[in-house]
Amino acid sequence: MNEELFVSQEFTPVNGFTSGIEGPACDSDGNLYAVNYERQHTIGKVTPDGEASVFVELSNGSIGNGIRFSSGGSMFIADYTNHNVLKVDMLTREISVHSHEPRMNQPNDIAIGANDILYASDPKWGASTGQLWRVETDGNATLLEGDMGTTNGIEVSPDEKVLYVNESVQRNIWRYELSSEGEISNKQLLIQFPDFGMDGMRCDVEGNLYVTRHGKGTIAKLSPEGEELLEVELTGKNCTNIAFGGTDGCICYVTMADRGNVEVFRADLPGRSWMLYQR
């Protein structure tokens, strides 16, 4: 790939994934996973050299969205049609229900702490509202906040002390103080964008936040204080999510709904998620 920083190029062929491509996440070996490869209800696997295949097929009408990996290497998937967080054993590819919560609208993106506690955004798109959930390691789900805007992208800071949540329709990114037990407090507005939407977001190791600007076709890099540091121009417009990977953690993979593919660029710092694997 192009070694120049913050210059995006295509990584997988156009329309290899459906327009429902979301939730990229890399495992400790550098393989990339994203939902809806070739058809809905699948999880696709893309090797570091770009070879793609179906990794698992979800059953019972489940459709995945966000994907994260635990410290033990298990894959967690937000299943928005069945109000679940699914768990995949990466060796056997067996899929189980980690958490089922009927009060969820449609769990969308998920973040994970170093302690393996999950946090899930839960939008209700038709009403432009949303909720925020915590999912414990035993699968128990707790509503952290209701009556929000259209909750979508979500991430934990590298020091584990901040939870970021965005609201796509309202174009807000909120910052919460996060306790080691997963409690949130002191909600503050980090930034409100004047135009376009937002979807997924991820932190680098210094806490800078990379935000997909859905409809604008850019990735905004924000400082932990909410200052916009730069924008990465993409080929497509409807970027949905971003993940860090590669041998040094500096490769950014971006899922594109309008082109059904993944774009890639090099950042100047490794991602927080990659750093978790180095512990």
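**Exercise 1. In what order do the strands of the open sheet that contains S14 stand, and is the pairing parallel or antiparallel?**

The model is predicted: local features need pLDDT of at least 70 and side-chain atom pairs count only at pLDDT 80 or more, while totals for chains, interfaces and linings use all residues. Residues are numbered from 1 along each chain as its sequence is written, and side-chain values use heavy atoms, with hydrogens and water left out.

Step 1. Strands are DSSP runs of E with at least two residues, numbered from the N terminus; two of them pair if DSSP finds at least two bridges between them.

Step 2. Read the order. The open sheet has 4 strands, arranged S14-S15-S16-S17, and the pairing is antiparallel.

Step 3. Find the edges. Strand S14 (151-156) and strand S17 (184-192) each have a single partner strand, so one side of each is left without a neighbour in the sheet.

Step 4. From one strand to the next, the twist averages 20 degrees, with axes taken as lines fitted to C-alpha atoms and angles running from 0 to 180 degrees between N-to-C directions.

Step 5. Check one pairing. Strand S16 (residues 172-178) runs antiparallel to S17 over 6 bridges, and Arg175 has Gln188 in S17 as its bridge partner.

**Exercise 2. Describe the open sheet that contains S6 in the terms of Exercise 1.**

Step 1. The order is S6-S7-S8-S9, 4 strands with antiparallel pairing.

Step 2. Strand S6 (64-69) and strand S9 (95-100) are the edge strands, and each pairs on one side only.

Step 3. Direction ignored, neighbouring strands of this sheet are turned by 25 degrees against each other on average.

Step 4. Strand S8 (residues 84-88) and S9 share 5 bridges in the antiparallel sense; Val85 stands opposite Ser99 in S9.

**Exercise 3. Which residue in the turn of the hairpin formed by S12 and S13 has a positive phi?**

Step 1. Strand S12 (residues 129-135) and strand S13 (residues 141-148) are joined by 5 bridges in the antiparallel sense. Trp133 has Leu143 in S13 as its bridge partner.

Step 2. The hairpin has 5 residues between S12 and S13, and Gly139 in the turn has a positive phi of about 90 degrees.

**Exercise 4. How many aromatic pairs are there? Work through two of them.**

Step 1. Apply the rule. Rings of Phe, Tyr and Trp (its six-membered ring) pair if their centres lie within 6.5 Å; planes under 30 degrees apart count as stacked, over 60 as edge-to-face and the rest as tilted. The count comes to 6 aromatic pairs.

Step 2. Phe11 and Tyr253 form a tilted pair, 5.2 Å centre to centre with 55 degrees between the planes. Phe11 lies in the loop between strand S1 (9-10) and strand S2 (25-26) and Tyr253 in strand S23 (residues 251-256), so the pair ties together parts that are 242 residues apart in sequence.

Step 3. Phe11 is buried at 19%, and Tyr253 is buried at 4%.

Step 4. Tyr210 and Phe244 form an edge-to-face pair, 5.1 Å centre to centre with 90 degrees between the planes. Tyr210 is in strand S19 (residues 209-213) and Phe244 in strand S22 (residues 239-245), 34 residues apart. Tyr210 is buried at 0% and Phe244 at 2%.

Step 5. Tyr33, Phe55 and Phe69 form one aromatic cluster.

**Exercise 5. Over which ring does the charged end of Arg213 sit?**

Step 1. The criterion asks for NZ of Lys or CZ of Arg within 6 Å of the ring centre and within 35 degrees of the ring normal.

Step 2. The charged end of Arg213 sits over the ring of Phe193, 3.9 Å from its centre. Lys187 lies over the face of Trp174, at 4.4 Å from the ring centre.

Definitions and conventions. Buried means under 20% relative accessible area, exposed over 50%, partly exposed in between (1.4 Å probe, protein chains only).
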